[in-house]
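Please open the model in your viewer and keep the selection panel at hand. The tour begins with a pair of side chains and ends with the whole chain.

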Amino acid sequence: FSARRRDLIEDFANGALTGDVGTIRRLWSQYSEELGASRGVFVVDSTAFPRLPLPGDRDFGRSGFLRCWMAGDRLILIREGSEDFRFSSPIFCDSNFVSLCGAFSAGRDLGTLSGDFKQAIKDLLPYASYANAYPYLLETAENSNRDKVRASLLGFACFKLTSPEHFQKTGRFIGTETCSPNEIADEAIKITNGQDFATLAMWATNRFLWSKVTLTKAALIHFDRPGASACSKLYALLEFLHSELARLHQFDIYAAFRFFELTSTEPFFRGLQRNSPGLNDVLRAMAWDLTHWRITLELLTIESWRSGSVPFPIPHFLSFDRGFVSLLESFQFRGLIYDVDHRRPEFFFKRDLLEPVSKLLEKKCATFYSRESMLNRSQRATTSDDDKLREVNSELEASVEKVILKK
């Protein structure tokens, strides 16, 4: 993108860290031409702004977690130069939760998760209308066992249709004889067969491949030089992405940095062990987690530009995966711009993540963010890169298998 665009991102990244309302408003006015119809949400530190009544961060026992993607609930919302505090709280439910809904609705024993799951349902039923199963639908788009997929969606539909009073009284979801969850499940399956969903699935597959390639290369770099510094490992990853694919995807790179910096102390990455026979499967599952993160933002970018009558989306994520939630906590935002004209979100992280990465990028790694390097990538990048990504992914997976055989 242009030098002006780069300045916009850098200035808002610094402005978001201040939490100063005046600074954020000034920047929005300064870049009004570039922002166009964009909408922004920023955490502010002024008590003059009341805390928004969001579902917010919640734990359900030791297994279930709801996380808002913003790093606070004192927020300023900006749209077309004016502030608009009408908001919604979409809750994106991961595959684990949707599958648990299916099992619970069918009367199966949830084992050690039973108590935590019931607590989650009790606390979430007042917000059930906000919940959606997009991550599950995308992750199972190519699952040939459609009966199993439908059963999980049926359970999720029963969850959404259950009243808090009914659950409090019975400890169960409503039965299929008293409502129409079958119709909801059938409609969800029907949607996955439509052209619009096919386009969305292709979009998700592209994001998945980027995450998969980045994570796999990061793992191989770490296995090859476990004692190297995080800076050296990050340089090797950036060099690979710059040379081979001519793109640097910000979020995937930040996730790789967390791996290089923390490795085994970050729960999300504990499965990346070179002696694991299912290492490629672990990497695929992790890549899908990162894909859901990115797709959620892009879906809400589309949603957010509508007329002022549509509430501003402030996303939440519901998961029974402690590892992914720990990573998500690291990536909660100080600011987020839903950029309509460029069809992409711009996100601004908290200081404890942004500063260490920024310090690395000021050193040797800075060469990949110079204007010359950015121009070089823009000249080599292709509009459709799925074929190249699949080719590189296959090569990297083969390299992972060789690593496993050497154990």
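Select Glu34 and Arg4, whose side chains meet in a salt bridge with an N to O distance of 2.7 Å; the term stands for a side-chain nitrogen of Lys or Arg within 4 Å of a carboxyl oxygen of Asp or Glu. Glu34 belongs to helix 3 (residues 32-35) and Arg4 to helix 1 (residues 3-18), so the pair ties together parts that are 30 residues apart in sequence. Helices (H or I, at least four residues) and strands (E, at least two) are DSSP runs, numbered from the N terminus. Arg4 is partly exposed at a relative accessible area of 37%, where buried means under 20%, exposed over 50% and partly exposed in between (1.4 Å probe, protein chains only).

This is a predicted model, in which local features need pLDDT of at least 70 and side-chain atom pairs count only at pLDDT 80 or more, while totals for chains, interfaces and linings use all residues. Residues are numbered from 1 along each chain as its sequence is written, and side-chain values use heavy atoms, with hydrogens and water left out.

Next, select Arg51 and Asp73, which form a salt bridge at 2.9 Å, N to O. Arg51 sits in the loop between strand 1 (39-43) and strand 2 (58-60), and Asp73 in the loop between strand 3 (64-68) and strand 4 (75-79), so the contact ties together parts that are 22 residues apart in sequence. Arg51 is exposed, with a relative accessible area of 53%, whereas Asp73, at 24%, counts as partly exposed.

Move on to Asp281 and Arg284, where the closest N and O atoms of the salt bridge are 2.5 Å apart. Both lie in helix 13 (residues 279-304), three residues apart, and are thus separated by about one helical turn. Arg284 is partly exposed, its relative accessible area being 30%.

Finally, clear the selection and show the whole protein, in which a search finds 15 salt bridges and which has 17 helices and 12 strands. Its C-alpha atoms fill a box of roughly 65 × 60 × 40 Å along the principal axes, and 54% of the 407 residues count as buried. Among the contacts (heavy atoms within 4.5 Å) with a separation of 6 or more, 76% come from residues 24 or more positions apart.
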